[in-house]
Amino acid sequence: MPAQTIDGVALSKQIRGEVAQRAAALSALGITPGLAVLLVGDNPASQVYVRNKVKACQEAGLHSVLETYPAEFGEAELLARIAALNADPTIHGILVQLPLPRHIDEQRVIEAIAPAKDVDGFHVASAGALLVGRSGDEAGFRPCTPYGCMKMLESIGCDPRGRHAVVIGRSNIVGKPMALLLLQAHATVTICHSATADLAHHTRQADIVVVAVGRRHTLTADMVKPGAVVIDVGMNRDEAGRLCGDVDFDGVREVAGALTPVPGGVGPMTITMLLANTVEAAERSAR
Ligand code: GUN
């Protein structure tokens, strides 16, 4: 029997409905949750992402501002914009779209965002809260993509407790926080990466596999334990120009128990959890 497909569009719709209700409740108190999105340069993929983020805000009843700057925009000017937004009471979340042009120090920019407005969850304060197991309560924010992956597991009743989870990829945005969230949910976690000697040896033991590499066919059917839950964070194009993930969907579907598609899987969930974090930030500001 082919694997269950975990529909990120349907789950997003449900969660965005809940987020919109929370936003409306805050707006009734005179606090409309606000997100500022900053884009530097003309990376076409980033332009699509930020447009989608702003549109999603509008649909959920959040206030949003999009600031776009040319590729030559200076780091000092960007830091000054962030300082102004940190002090702006109508803005509860600040997102600087990555990657930034090479002349700008990404980490310095991220650290300039007030931790209370770090809805991307990339600030060291958020990363530290996640490391000590406090993320999502009063302290810090969960990075949106791994947070969305956890919601997808929850949506099919997959409790990571006692399961063996293998995360492929060790980025600060996905792999590392994903591993920590799974650990916080009591999974036994293995992190694999480009220097892992025998990837299939690890993935074949996994009850849950999260693939966040950025390379097609990183996970094929022969690497998957029957019945495993597979989450595909990849976003690539095949030779025909079609969107595809890191997982060989057609092959793995015959072995896995559940699987996320690309497109229509993790992608929409990332924006959904950004909205959820922004509303959370506004709720905290009202306490
Ligand atoms: N670039 C790719 N993914 C992301 C993300 O989740 N947030 C930001 N700020 N930039 C990104």
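Visitor: Which residues of helix 7 are buried?
Guide: That would be G175, K176, P177, M178, A179, L180, L181 and L182. Buried takes 20 or more other C-beta atoms within 10 Å of the residue's own, exposed takes 12 or fewer, and partly exposed is in between, with C-beta atoms placed from the backbone.

Visitor: And what kind of model is this? How are residues numbered?
Guide: It's a predicted model, where local features need pLDDT of at least 70, side-chain atom pairs count only at pLDDT 80 or more, and totals for chains, interfaces and linings use all residues. Numbering starts from 1 along each chain as its sequence is written.

Visitor: How enclosed is helix 7, then?
Guide: Helix 7 covers residues 175-184, and eight of its 10 residues are buried, so the rest of the structure largely encloses it. Helices (H or I, at least four residues) and strands (E, at least two) are DSSP runs, numbered from the N terminus.

Visitor: What covers those buried residues?
Guide: The cover includes helix 5 (124-131) and helix 6 (144-155), along with strand 5 (164-168), strand 6 (188-192) and strand 7 (208-211). A contact here is two C-beta atoms, placed from the backbone, within 7 Å.

Visitor: What happens just after helix 7?
Guide: H186 takes a positive phi of about 75° there, although H186 is not a glycine. H186 sits in the loop between helix 7 and strand 6.

Visitor: Is H186 buried or exposed?
Guide: Exposed, because H186 has 12 other C-beta atoms within 10 Å.

Visitor: Which other non-glycine residue has a positive phi?
Guide: H217, with phi near 60°. You'll find H217 in the loop between strand 7 and strand 8 (229-232). With 16 C-beta neighbours inside 10 Å, H217 counts as partly exposed.

Visitor: Switching topic: where are the cis peptide bonds?
Guide: One joins L98 and P99, with omega about 0°, and P99 is in the loop between strand 4 and helix 4 (106-112). Another joins V262 and P263, also with omega about 0°; P263 is in the loop between strand 11 (258-259) and helix 10.

Visitor: What surrounds the ligand?
Guide: L95, V96, Q97, L98, D120, C144, T145, I173 and T270 do, a residue being near if its C-beta atom, placed from the backbone, lies within 6 Å. Strand 4 (93-96) and helix 6 each supply at least two residues of that shell.

Visitor: What's the shell like by class?
Guide: Five nonpolar, three polar and one charged. Nonpolar means Ala, Val, Leu, Ile, Met, Phe, Trp, Tyr, Cys and Pro, charged means Asp, Glu, Lys and Arg, and the others, Gly among them, are polar.

Visitor: How do helix 2 and helix 10 pack?
Guide: Helix 2 (residues 44-59) and helix 10 (residues 266-286) meet at an angle of about 55°, and their axes are 10 Å apart. Axes are lines fitted to C-alpha atoms, for helices over the stretch in contact, with angles from 0 to 180 degrees between N-to-C directions.

Visitor: Which residues make the contact?
Guide: N52, K53, A56 and C57 from helix 2, with I271, L274 and L275 from helix 10. By class, that contact has five nonpolar, one polar and one charged.

Visitor: What else does L275 touch?
Guide: Leaving out residues up to four places away in sequence, L275 touches R16, V19, A56, C57, A60 and L62. L275 counts as buried, with 30 C-beta neighbours inside 10 Å.
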